[in-house]
Amino acid sequence: MKNIINKKDVEYVARLSRLKLKGEQTEKFTRQLNTILEYIEKLNELDTSKTEPTSHVVPLRNVRRKDFQKPSPTVEEVLKNAPDKERGYFKVPPIIE
Amino acid sequence: MELHKSTAHELHNLLVEKKISSLEITTSIYERIEKLDKKINSYITLTKESALQKAKGVDKKISKGEEISSLSGIPIAIKDIISTKEIRTTCGSKILSNYIPIYDATVIEKLKKADAVILGKTNMDEFAMGSSTENSAYGVCRNPWNISTIPGGSSGGSAACVAADFAPLSLGSDTGGSIRQPASMCGVVGLKPTYGRVSRYGLVAFASSLDQIGSFTKDVRDTAIILNIIAGHDSMDSTSVPEDVPNYTKHLINNAKNLKIGVPKEYFIKGTSKEVEKTILNSIETFKKLGAEILEISLPHTEYAVAAYYIIAPAEASSNLARYDGVHYGYRTKDEGRGARDGDISAIVDMYERTRDEGFGDEVKRRIMLGTYALSSGYYEAYYLKALKVRTLIKNDFDEAFKKCDVIITPVSPTPAFKIGEKISDPLQMYLSDIFTIPVNLAGLPAISLPCGFSSEGLPIGLQIIGKPFDEGKILQASYTFEQNTEYHLKKPKLN
């Protein structure tokens, strides 16, 4: 198996992904991601220098509509599923010390 | 009368003729679920109370002589990734274990307007990531044909519940094969419509450029009936397409003459089980006898589809799943507020990380990390942009092929249902089980899985019929013709 991504890379990617990995998890994911990335290298067999990318199969265009008011959910509804809330706001741990 | 075995259109006729009530249908289905679903685990949540109430309402309408829709009073199961107002929607994940949507998906609004009776929410791989319904935080779902095998995935619960007669029909979603592969393994009909045909509003996003809602049914007529109800443009989904919706039941024509069927040589490769290959070749022979013209075609970039998909889908997922942060809804770690870790992150970031580590399963984490890696600085062009270019090549292959044929026939899956546990520790092997379904999503095409035979062990095998964009009609005609001339769809698993 190739070493395309190492343990340090996985720790970095986990941080970017907002995932806290435990020690043995990092090793397992490093191994598995290497297997997958090695398979994906197959794409390099193809010459795509003259190919345009396709991000969407449906031709997307700007959709405009008249600017009119529609009902929106109430504060109570929006907060209904919140893990923590106070006085009509979402409540979170401190963002700055 | 064994009501649970009936199709939706059979039940509709019984309702119209007043031979049975919706309450009787709904009650008898729940009796069966309550007796037998512990073996299968196809449902995560049942909504019996609201279902019985809805059924009573429909019965009242019928007794008053009001006109009813083709799905009025018909029970239906919904994959637990489709938002249902006031009904818990978990996506098979711990992170949404307590999430109760405040709105309905457009397809649910449409079903409610048609007076369908929602039975409950079905089991699935977490956030639709998987091919076996083993990645569910609510327990493994089993295949009714053999409970030591997987039902396929990710819509395993929606496929299994129709196969086991726990619902006459159901909705699922398909990002890389998640309707067709479980339909194939459970011996039911599964349609993934063209990307843009059915609104995705309220479908919890996995990979937005690939996701599409579709159906599981016991026969092709029901597939046309439910597509009539769920298809159409929706101002709430900017990628839904403003094309007219034909009456799909008009395409149920038993005729394969003048039908040009393409058979791509790249779909008959080593790694496919001999039984599957033989069954598909027999089906092609059936079409030939029915007067269809069979053409060998080539889709030369097929072997690159899985690799391109496992960049594109995780990249989109890594962005879509960023919303699960323990702030607005869903699970939050009990271990919050511990303050900075290593002195470089704040208490809120610590909360995000713990919440997501505890809330997501391994497959979801793998794909989030894979997608984040592919999109990260220095790798974007090598991985993501490369994959998008290969997607163009795959789409061009289909465009080219469809100049010569009306539909394309292939296997759905290289093997019948595999054993529970067989591939779960080897992600790449699991990914490769979707080799024949993934290209269709990358190209945004419609495709069906149709029962076409059984393995020597008695497990169902499915036939894939792929159509041109927005030509579900041709797929339905080909499928209906095959079904009218074969009996595979009539065989039932034994569950006692």
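Q: Why is Tyr379(B) called partly exposed?
A: In this predicted model, Tyr379(B) has a relative accessible area of 32%. Buried means under 20% and exposed over 50%, so Tyr379(B), at 32%, counts as partly exposed.

Q: What makes Tyr383(B) buried or exposed?
A: The relative accessible area of Tyr383(B) is 9%. The cut-off for buried is under 20%, and therefore Tyr383(B) is buried.

Q: Why is the aromatic pair of Tyr379(B) and Tyr383(B) called tilted?
A: The two rings lie 6.3 Å centre to centre, and a pair needs centres within 6.5 Å. The planes of Tyr379(B) and Tyr383(B) are 35 degrees apart. Stacked requires under 30 degrees and edge-to-face over 60, so this pair is tilted.

Q: How do you know that the rings of Tyr380(B) and Tyr384(B) form a tilted pair?
A: Their centres are 5.4 Å apart, and their planes stand at 45 degrees.

Q: Which residues form one aromatic cluster in chain B?
A: The cluster consists of Tyr99(B), Phe127(B), Tyr324(B), Tyr329(B) and Phe360(B). Over all chains, the structure holds 16 aromatic pairs.

Q: What makes the charged end of Lys42(A) count as sitting over the ring of Tyr304(B)?
A: The charged end of Lys42(A) is 5.3 Å from the centre of the Tyr304(B) ring. The limit is within 6 Å of the ring centre, together with an angle within 35 degrees of the ring normal. Arg65(A) lies over the face of Phe68(A), also with a value of 5.3 Å from the ring centre.

Q: Which residues lie nearest the centre of the largest pocket?
A: They are Pro73(A), Tyr99(B), Ile102(B), Tyr103(B) and Tyr201(B), out of 31 lining residues. The pocket has about 810 Å³ of space, and α4(B) gives the most to its lining, with 3 residues.

Q: How does the lining of the second largest pocket divide by class?
A: It has 14 nonpolar, 7 polar and 9 charged residues. This pocket has a volume of about 500 Å³.

Terms used. Residues are numbered from 1 along each chain as its sequence is written. Chains are lettered from A and ligands numbered from 1 in the order in which they are written. This is a predicted model: local features need pLDDT of at least 70, side-chain atom pairs count only at pLDDT 80 or more; totals for chains, interfaces and linings use all residues. Side-chain values use heavy atoms; hydrogens and water are left out. Rings of Phe, Tyr and Trp (its six-membered ring) pair if their centres lie within 6.5 Å; planes under 30 degrees apart count as stacked, over 60 as edge-to-face and the rest as tilted. Buried means under 20% relative accessible area, exposed over 50%, partly exposed in between (1.4 Å probe, protein chains only). On a 1 Å grid over the protein atoms alone, a cavity is a set of points where a 1.4 Å probe fits but cannot get out, and a pocket is an open set with protein on both sides within 12 Å along at least five of seven lines; lining residues have an atom within 4 Å of a point. Grid points are joined across faces, edges and corners, and a volume is the space filled by probe spheres set on the points. Helices (H or I, at least four residues) and strands (E, at least two) are DSSP runs, numbered from the N terminus. Ala, Val, Leu, Ile, Met, Phe, Trp, Tyr, Cys and Pro count as nonpolar, Asp, Glu, Lys and Arg as charged, and the others, Gly among them, as polar.
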